[in-house]
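Hi,

Here is the structure I promised to pass on.

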Amino acid sequence: MAETNTVTIRGVSKAFGRGDAAVRVLHDVSVDIARQEFFTLLGPSGCGKTTLLRLVAGFEIADSGSIRIEGQDVTHAPPFRRPVNTVFQNYALFPHLTVEQNVAFSLEEQRLPRDQIRQRVGEALEMVRMQTYARRRPSDLSGGQQQRVALARALAPRPKLLLLDEPLSALDLKLRKEMQIELKQLQAEAGITFLFVTHDQEEALALSDRVAVMQGGRILQMGPPREIYEAPTHRFVADFIGDINLLDGEATGGGVRVAGGQTLPVQVSRPGPVTLAIRPERARLVAAGTGVMDATLVHSAYLGTATLHKLQLASGGDFLIRQSDPVQAAPEKGSRVGIALPTDALQVLQE
Amino acid sequence: MNIRRFPLTREISLFVLAYLYLPVFVLIAYSFNANRTATVWTHASLDWYVRILNNPSIRAATWNSLVLAISAATAATVIALLAALATRRAFPGRNASETILRLPLILPEIVVAVATLILFVAVGIELGLGAMILAHTVFCIPFAYLPIRARLDGMSGTYEEAAQDLYANRFRTFRRVTMPLLWPGVLAGFTLAFVTSLDDFLTSFFLSGPGTTTLPVYIFSAIRAGITPEINAISTVMLVISILLVSLSFALTRLRR
Ligand SMILES: Nc1ncnc2c1ncn2[C@@H]1O[C@H](COP(=O)(O)OP(=O)(O)O)[C@@H](O)[C@H]1O
Ligand SMILES: [Mg+2]
């Protein structure tokens, strides 16, 4: 059967330390990454993103489960036998070699002919626009330039899969935005599968074809950015990505009764307490008494492209509404207002 | 409080520096003195250098010292490098092995020298250059080990992971990445071991056989017949060899950076 995935990770677990001191860092993780996909692991620091990446690269070996790359089982293979290259978080450019020697390193190890090496090094440096720096040492380069060289070095051997561990986190905001665009273009041009790691949700949404949100060594949700953003399945995912309003409610036969409000026609599999989530831009500000519930307007902030209203619910909790209709004037601060919640924008969350 | 503003700091520092280096400068100066008496200055000359150049026993002692220092430092550096690499990762007994490696630094040399002499005689190892190389290697190991260890500890393991990621197997990774990055530490270790061996008197005194005198041992026996400007000249030569080597290793390290 023809393999359509670049990476197939099945039931991988990993613990560090031995005996009683052992700490489980990954719990039964399974991921499929399609050819030429830009796949991102997103999660807070310490959730196991780097560990999963290192298992794919071969720097760590899984305690259980299997990893296949292009159909080949590499679960126990050393890093130098995997058709994978890594862009390290701190770049890890060899300080004793020049830029072109760094880029040529893998090609020399693969024993390519000399003229072919020269040609490929030239191409790789051209791809990241660093040809003029070929003879420099890494220590002579700025952070952004080192980043480019690290990319060129990892792309030069034309790997099946490129692993990137928070490659942009050391750059300042402006440079980071530029590099995001370049990275995306590069991936499209080179046609290489990317496995990208970040703790920056905006970066993940902007770059990825699919995102896996991780917490405590588990993948909570996996899907295209739009799905992750608009239809989070877990409270953690909803909270981690962008602003969101969370409403506690009670599931009954006819829907969900929101604390201090109406019963909303939302389908829930079994009765009991549930959490509903809705993005601030999907909720609407309406006249008091005409929405699902009433609240007090605490504050309105004009943001240029939208106005952000902060409301206080009867239960005491906060509620955000982002209103992008510029014509509508904001009600008086402290006035009673109503909140309208379109049913299709409501998400029922698991804990 | 700022130590620089402490009363007399400047004066005390100058005194200590003078106390340390003035005798050495006096020794160097008098090695160029024409007078037979080592402590009375007449006029400058290179007589004593010509004399030591033409003295076969001094030439032999210099040769022995160099062969001894180069052999012992090389052997000690290789052993220290292997030891540093072997103790890189945590394993049961790592602390114990580290302590054993550093032990020669704190053991009284006279005790070790006598013990080595007794051992060599008992086992039947002939005294002379070979015996000295063996003994020097042992006490040079910690001097070679410490800079290599320090360099290794300061080196991120990511470079080696990057090399393996770029298809270099373990041996190629060692050759192309680990060793070049470790090089300044190895050089510093070798230099320290060399200077330590060159300077050693006690161990060499006990283990030198007939005809295998080293420079320090020669100086010691010559000085019992009275301090001559020849000794000033020999000492200056030793100083120059040490300074040259240290400068060379410093320059190489800077170049490699
Ligand atoms: N080599 C290791 N030994 C022990 N614990 C480790 C090791 N590597 C990572 N960990 C632990 O595993 C957890 C996940 O780490 P990591 O994968 O680096 O997270 P992330 O990249 O998401 O920030 C952390 O709690 C970290 O302390
Ligand atoms: Mg990490």
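In this predicted model, 28 residues of chain A are in contact with 19 residues of chain B (contact means heavy atoms within 4.5 Å). About 2200 Å² is buried between the two chains, and carbon and sulfur atoms give 57% of that; buried area here is the accessible area (1.4 Å probe) that two parts lose on being put together, summed over both. Leu166(B), Tyr167(B) and Arg176(B) supply 36% of what chain B buries against chain A, more than any other three residues.

Glu161(B) and Arg54(A) meet through their side chains in a salt bridge, at 2.7 Å from N to O. Helix H7 (158–165) and helix H8 (170–199) of chain B each supply at least two residues of the side that touches chain A, and H7(B) gives the most, with 7 residues. Helices are DSSP runs of H or I with at least four residues, and strands are runs of E with at least two, numbered from the N terminus.

Now the inside. The largest nonpolar core has 75 residues, and those touching the most other members include Ile9(A), Phe94(A) and Phe105(A). Such a core is a set of buried Ala, Val, Leu, Ile, Met, Phe, Trp, Tyr and Cys residues joined through side-chain atoms within 4.5 Å; buried means under 20% relative accessible area, exposed over 50%, partly exposed in between (1.4 Å probe, protein chains only). Helix H3 (residues 56–86) of chain B brings the largest share of this core, 9 residues. Not counting residues up to four places away in sequence, Phe94(A) touches Phe105(A) and Arg153(A) as well as Tyr159(B) and Leu166(B), among others.

One more spot in chain B: Ser197(B) sits in helix H8 and counts as buried because its relative accessibility is 3%. Leaving aside neighbours within four places in sequence, Ser197(B) is in contact with Leu68(B), Ala69(B), Ala72(B), His136(B) and Cys140(B).

A note on conventions: residues are numbered from 1 along each chain as its sequence is written, and chains are lettered from A and ligands numbered from 1 in the order in which they are written. Local features need pLDDT of at least 70 and side-chain atom pairs count only at pLDDT 80 or more, while totals for chains, interfaces and linings use all residues; side-chain values use heavy atoms, with hydrogens and water left out.

Cheers

Note on methods
Salt bridge = Lys/Arg side-chain N within 4 Å of Asp/Glu carboxyl O.
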